[in-house]
Each structure stands twice: as structure tokens, then as C-alpha cells.
Amino acid sequence: MTKEELKQIYNLNKEAEMWQRELNKLESMSLVKGQEITDMPRCSGTSDKVGDLAIEKVEIESIIKGKLAEIQLQRKKIMEYIDNVEDSTMRQIIYLRNVCCASWNEVANSVGGNSTEYSVRKKYSRFLKK
């Protein structure tokens, strides 16, 4: 498994968060507007702002569900890969970094044994180059 494949969960999480922010923004929008008085004639077309907003929200919710499903699929692939790694410390590093999306400092603290942010990152890089 490549470094890029292992990073997919992190990227998918960021993408899901982006869509969640967009959904939150839509949910906080107010459709109530002040009355606008002009001498300009009005067009004869009608629009359903509430309906359009509801459709957009449903579409974004669908995208988020799809991203979460992709995350679960990628997580399963990584877990299968980790099961085949012989070194216990390396399994922990890969799991913490790629499945839990932990920072290198958090990985080093969890692994323990005088591990530093630099040492776990270097060990990870060397392992993936093999």
C-alpha cells in the first residue's frame, strides 16, 4: 500500500468536513427578506426559494453520506493492510496516523518508548519505501 493510499482517509475526512460546513451554512441561511419596494415591473416567473434550498441540502447530505461510506471502505483496506504488518510498533504507527488521523506528535506520545515526532515519522517513511 502506498503513502497516498494510506492518506486517503485524512483527505476524505477533510472533504466531508468541507461539505458539512457548506451544509451548516445553508441551514443557517434566512429566507425571510425585507419587503423591497420599487417602481420596476416584476417578472412573471415564480421561484421556490425554500424548495430550492431543501433540494440543495438533500444533495449535500447525500454527498456527505457518500464520503463517509468511502472513508469506511478505505478504513477497511487499511485495517487489512495493517494485519499483514509484522512489527507491532509499525502497526500502531500506521493505525494512529492513517486511521485515527493523529498528528506525528500524538503518534509519538501514544507509541511511547522515548519516541519522538521525528523518529516515528522517519520509521514510517522508511517502512513505506520498502
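Reply: The face of helix H6 turned away from its buried side carries the exposed residues Tyr-118, Arg-126 and Lys-129; exposed means over 50% relative accessible area, buried under 20%, and partly exposed in between, with a 1.4 Å probe and protein chains only. The model is predicted, so local features need pLDDT of at least 70 and side-chain atom pairs count only at pLDDT 80 or more, while totals for chains, interfaces and linings use all residues. Residues are numbered from 1 along each chain as its sequence is written, and side-chain values use heavy atoms, with hydrogens and water left out.

Helices (H or I, at least four residues) are DSSP runs, numbered from the N terminus. H6 comprises the 13 residues 117-129, which should span 18 Å at 1.5 Å a residue; its end C-alpha atoms are 19 Å apart, in agreement. The expected span is 1.5 Å times one less than the number of residues.

Val-120, Tyr-124, Ser-125 and Leu-128 of H6 are buried. They lie on the same side of H6, because they cover an arc of only 135 degrees around the axis, taken from the directions from the helix axis to the C-beta atoms. What covers the buried residues of H6 includes helices H1 (3-6), H3 (49-83), H4 (88-99) and H5 (104-111).

How values were computed
Helices (H or I, at least four residues) and strands (E, at least two) are DSSP runs, numbered from the N terminus. Contact means heavy atoms within 4.5 Å.
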